[in-house]
Amino acid sequence: MAARPLNDDEVLSEMNKMVTFIKQEALEKAREIKVKADEEFAIEKAKLVKQDQQAIDAQYEKKRKGVEVAQKITQSNLTNKSRLKLLHRREEQVQELFEMARSQIVTFAEDEGRYAQFLEGAIVQGFLQLMETHVTLIVREKDVGQVQKAGEAAC
């Protein structure tokens, strides 16, 4: 069969078919490009969101640790203040005991018989605890005589 020349309507019809085919291919290609761009956008968006989320998590963790450290420091300071108050109160009580003992010893020293007996007992106790052959005692000037007598009695 020999190819015959196409008339104007046939040419127009063939051209319309080609234009439709080209448009269809262009639309499909545009859809493919759009789908690929959307996928790449979603991947990039997810990547950026993950990076920002990690940065926020890191900042949060840093702040949380800072708060924990601050709380531990505060707790430690409170504990130390409490201990210092306790030690201060204990020191006050010890000083009160020393003052009471001093005043009672002064009163006690007035009864020479009991005081001599006490000195002898204290010196014996000191000798036994120290276990030394020579011991030096430091006493009040007015007690030197009594301490010498008590020391001789203790030996």
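## Overall form

The model is a predicted one.

The protein chain holds 3 helices and 0 strands, and reading along the sequence gives the pattern α-α-α. Its radius of gyration is 53 Å, well over the 15 Å that the globule rule gives for 155 residues, so the chain is more spread out than a compact globule. Along the principal axes, the C-alpha atoms of the chain fill a box of roughly 160 × 30 × 20 Å.

## Helix α1

Helix α1 runs over residues 8-109, which makes 102 residues. At 1.5 Å a residue, this helix should span 152 Å; the C-alpha atoms at its ends lie 148 Å apart, which agrees.

At the start of α1, N7 and D9 come together: a side-chain oxygen of N7 reaches to within 3.1 Å of the backbone nitrogen of D9.

## The largest pocket

The largest pocket contains about 340 Å³ of space. Two elements, α1 and α2 (112-130), each give two or more residues to its lining. Helix α2 supplies the largest share, 8 residues.

In total, 18 residues line this pocket, and those nearest its centre are Y115, L119, I138, V139 and V147. Sorted by class, the lining has 14 nonpolar, 1 polar and 3 charged residues.

Key:
Residues are numbered from 1 along each chain as its sequence is written. This is a predicted model: local features need pLDDT of at least 70, side-chain atom pairs count only at pLDDT 80 or more; totals for chains, interfaces and linings use all residues. Side-chain values use heavy atoms; hydrogens and water are left out. Helices (H or I, at least four residues) and strands (E, at least two) are DSSP runs, numbered from the N terminus. The expected span of a helix is 1.5 Å times one less than its number of residues. A polar contact is a pair of N or O atoms within 3.5 Å; within protein, one must be able to donate a hydrogen and the other to accept it, and residues adjacent in sequence count only if both atoms are side-chain atoms. On a 1 Å grid over the protein atoms alone, a cavity is a set of points where a 1.4 Å probe fits but cannot get out, and a pocket is an open set with protein on both sides within 12 Å along at least five of seven lines; lining residues have an atom within 4 Å of a point. Grid points are joined across faces, edges and corners, and a volume is the space filled by probe spheres set on the points. Ala, Val, Leu, Ile, Met, Phe, Trp, Tyr, Cys and Pro count as nonpolar, Asp, Glu, Lys and Arg as charged, and the others, Gly among them, as polar. The radius of gyration is taken over C-alpha atoms; the globule rule is 2.2 Å times the number of residues to the power 0.38.
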